[in-house]
Amino acid sequence: MVRPVLALLVAVTTILVAEGVPSPYRQPPPRNATLWYYKKILETVRGDQDIAGKGSLRLKLNESCLEIIERKLETDVYEGMKMLDAWGKPGAGILDGNVNFYGSYDECLAVKEAKYCALSLINPSASYMIPVAMEALCLPEECSISSLSYDIDFLLYQLNSSYVAVGYCANDEESLSPGAIVMVIVTAWFGAMIVFGTLLDFYRQTYARKRPTLEPIDRPIVNDQLQEKREDTPLLNDSTVRVKKRFKPLKVNSSLVLDIFLAFSLYKTIPTIFGTTQPPNAIRCINGIRVLSMFWVIMAHTHVWLFQFHAVDNANTVVNELAPRFSYQVILNGFFSVDSFFFLSGLLVSYLTLRQMERRRKKGYKFGTFPFLTYYVHRILRLTPAYAFVLFFFWSIGPYLGNGPYWNGVIMNINDTCPKYWWTNLLYINNFYPKFAEQCVAWTWYLANDMQFYVVSPLLLIPLFFLWPLGIALLCVGLFFSLVATGALVGAYNLPLNAFVSFKYTNFDGIDFNDVYYGKPYCRISPYLVGLFLGFVIYKGIKIPVKSRFVKVLIYGSMIIASFAITFSVIYGIYPIWNGHIPSVTENVIYLTFSRFAWGVALALLVFACHNRYGGWIDTVLSWGFWVPLSRLTFLAYLVHPIVLFSVIGSLRGPLHFTDVTVAVYMIASVVLSYATAALFAVVVEFPLSNLEMAIFDLLGIAPRTPKEAKKE
C-alpha cells in the first residue's frame, strides 16, 4: 500500500499542488494570497518537473485548458477560484491511508461550464479494477484528462511502478439510455397491473359486500407440488398465507385473463408476504437462521465495500488495528453466511421433495413417483423472472441511482460486463464463465451454485427414497470427492484462508481466490450435502432412540453445545493469522477443505435439536413469528442489497472515518433499506409472478390438495 501512495504523491500531488503551497522560505505572496495560491498551481502544471531524480518529465494540462482557467481567474475571480478550490488536495492521515483526494464534487459542478474529473491509480493485475489512490481535478468542459493520464503513466513507468493511471470525467446530466427507458416502461407496466388488479379485486369484494379476513390456510389453492415448494431454495420461504374468503364466490367465469389481473392484486400479495402463519410440519427454526444469515451478509458487505471502494480515510487502521481484533473475525469470516444458505437449500429440497414423492406413491404413481417436470419447471419459474428483473434493472437503471466522486469506481464495470455476459446469469453458469470479477451481477454466483446443486439432487434423492442405504453411500461418495477436490486445489495454488488474508501476508497476483475456489460448486457443495442428509432424517422421522427425557435433554443439549463449539472454531479459527501467525500450506488445506463441511454439520445439529423441540430458548428465538415475513423477503433482499449499498456508498461526497459506531449506523441502515427495497420488489414483481405461475399450473389441470390432505400434513 505504501508504494502506490508514494507514487501518487510524487506523480500528482507534488506536481499539481505542492509547488503552489505558500512557504515562508519563498517570495511573500501578494495581498490576495488565495488568488496567488491558485496561480502558482497553474504555473506548476505548465512547466517541466524533475521527479524523484528521474530527470525532466513534461507533465502539463492542455495549453488551451490552462488558458481557459486563467481567463476565468481574470474575468470571474470567484468562479475561477471555485474551480481550483474543488481540486483534491492532501489532508491529514496520509500514512493512515487517506490517499484519495476527492476534492469537492458539488462545488465543481456548481461552476459554470466545468466538469469533475479524477486520476486514479489502478493495479492492472488485481481481480477488481478498484482505485488504489485518487486525485480529483475540476476542469473546464473543453479540457481533456486523457493527456494528463498518459503523462502520469509515463512517470509511473519511470518510477518502476506496476500501477497505471486511469482518468475519467463525471457526467452529471447524462440522459437515459435506451435500455433504461425500456426498463422504466416495464416497471411502469408492472405498476399499472398492480393498480388495475387491486381495483378489480376491490370491486369484486365490494360487490360481494364482505371483505376477506386474514386467517390460517383453510383451502389450499395450489397443487401438491407447489403447496410446500414455495421454498426449495434457502432464500425463499416455504410458508405462504392465503386469504380465507368468508363470502360466496361470484358466479363469474374465472378465465386466465381474470386470474392474470388478480395475480397482481395487493389483496393477495400483501397478506402472503406479511402474514406469519406457516404450514403444518414446517421446520420453523430455519426462518430465524435464514434471516440472521441474511443480516450477516448485508453487514459484512457493508464493512467490506466501504473498505474496498476506498470510502474510508483510515484504511491502514482498519487493516492493522481493527482486523486483528477478536470481535472483528465475525466480519472477516462472513463468507460462512452463504454456506448457511447452501445447507438450508439442501435441507428443504430433500425434506419437501421426499414428502411429495411419498404422497405421489400413496396416490398410486408407479413410474412417476419423482415429479421431474414440476421439479424443474417450478424452480425455473419461481426464481428466474424476479432474478431477471433485478439483473436488467441493475444493468439499465443502476448507473442512474447515484452520483459523486465514488460513483465511477462503484459502477465502472456495468457497461463493460453486462452487455457481454448477462446471458450467463440467466443460464446459471456465471460461476464458471466469465471470470468471477467479470460477472454482470457478481454476487449471484451463489444462485448459479445453488441451481447446479438443485439440478443434480435427484441423483441422490431418488436412491434415498427407494433404497436409502444406496442413497447414503452416494451422498458420502459425493462429499468425499468434494473434499478431495477442494484440498487439491488449495494445495496446488497455495490459496489463502480467505480473500482478506492475502492482503496481509502474501501477494497472490495472477491467482484469483474466487475463480479457483470460492465460486466453484465442487468446493462449496459439502454443506448442501449435509442439508440433504438432515432432510432425509427429518422426513423419515428419525429421533434419538431413548425414552428417558433426562437422557434426551442431555443428548440434544450436547448437540447444541457441539454446534456452537464448531461454529466458534470455524469463525475464529483464523484469529491467530491476524496477530502474527503465518499459516502454512498444510493449515490452509485443512481449514479450507473441512471448514464448510463442519459449518454444515454444526447447523444440522442445531436444527435437529430445535425441530425435535429440545432447543429451549434458542428454538423459541429462531422460530419466532417475526422472522416469517422477513424470511419471505430474503431472496430479493439478497438480490437487491448490493444495489442499495452501491447507491449509498457511491453517493458519498467524501471518505468516512472508519469507527465502530459509524459503521454500525451504516450496517443497520443497510439492513433496513435492503429489506424495504426487497418488499417493494416482492410486491411489484416476485409474488405477482408467483401467483401467475399458480394460475397457469391450475389451467394445465394440476389440481390442488383437498383440505383433508392439508390437515393431515
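What is the order of the four strands in the open sheet? The views below start there, after a word on the model. This is a predicted model, in which local features need pLDDT of at least 70, side-chain atom pairs count only at pLDDT 80 or more, and totals for chains, interfaces and linings use all residues. Residues are numbered from 1 along each chain as its sequence is written, and side-chain values use heavy atoms, with hydrogens and water left out.

**View 1. An open sheet of four strands runs in the order β3-β5-β4-β6.** Its pairing is mixed. Strands are DSSP E runs of at least two residues and helices are H or I runs of at least four, both numbered from the N terminus; two strands pair if DSSP finds at least two bridges between them. The edges are held by β3 (100-101) and β6 (164-169), each with a single partner strand, so one side of each has no neighbour in the sheet. Look for β4 (residues 114-122), which pairs with β6 in the antiparallel sense over six bridges. Within that pairing, I122 stands opposite V164 of β6.

**View 2. A disulfide joins C117 to C169, with an S to S distance of 2.0 Å.** C117 belongs to strand β4 and C169 to strand β6, so the pair ties together parts that are 52 residues apart in sequence. A disulfide here is a pair of cysteine sulfur atoms within 2.5 Å. The torsion about this S-S bond of C117 and C169 is about 100°, so the disulfide is right-handed. C117 is buried at 0% relative accessible area, while C169 is partly exposed at 29%. Buried means under 20% relative accessible area, exposed over 50%, and partly exposed in between (1.4 Å probe, protein chains only).

**View 3. C108 and C138 are joined by a disulfide, S to S 2.2 Å.** Helix α5 carries C108 and strand β5 (residues 133-140) carries C138, so this pair ties together parts 30 residues apart in sequence. Its S-S torsion is about 90°, so the disulfide is right-handed. C108 is buried at 0% relative accessibility, and C138 is buried at 0% too. While you are here, find E113 in the loop between α5 (105-110) and β4: E113 has a positive phi of about 55° although it is not a glycine. Most residues other than glycine have a negative phi, and most peptide bonds are trans.

**View 4. The loop between α16 (414-426) and α17 (445-456) holds F432.** P434 is found in this loop as well, and a cis peptide bond with omega of about 5° joins Y433 and P434. F432 is partly exposed at 44% relative accessibility. The sulfur atoms of C418 and C440 are 2.1 Å apart in a disulfide. That pair links C418 in helix α16 with C440 in the loop between α16 and α17, 22 residues apart. Both cysteines, C418 and C440, are buried.

**View 5. T269 sits in helix α9 (residues 266-274).** T269 is buried, with a relative accessible area of 0%. Leaving aside neighbours within four places in sequence, T269 is in contact (heavy atoms within 4.5 Å) with A263, V683, F687, P688 and N691.

**View 6. R613 lies in the loop between α25 (585-611) and α26 (616-622).** R613 is not a glycine, yet its phi is positive, near 65°.
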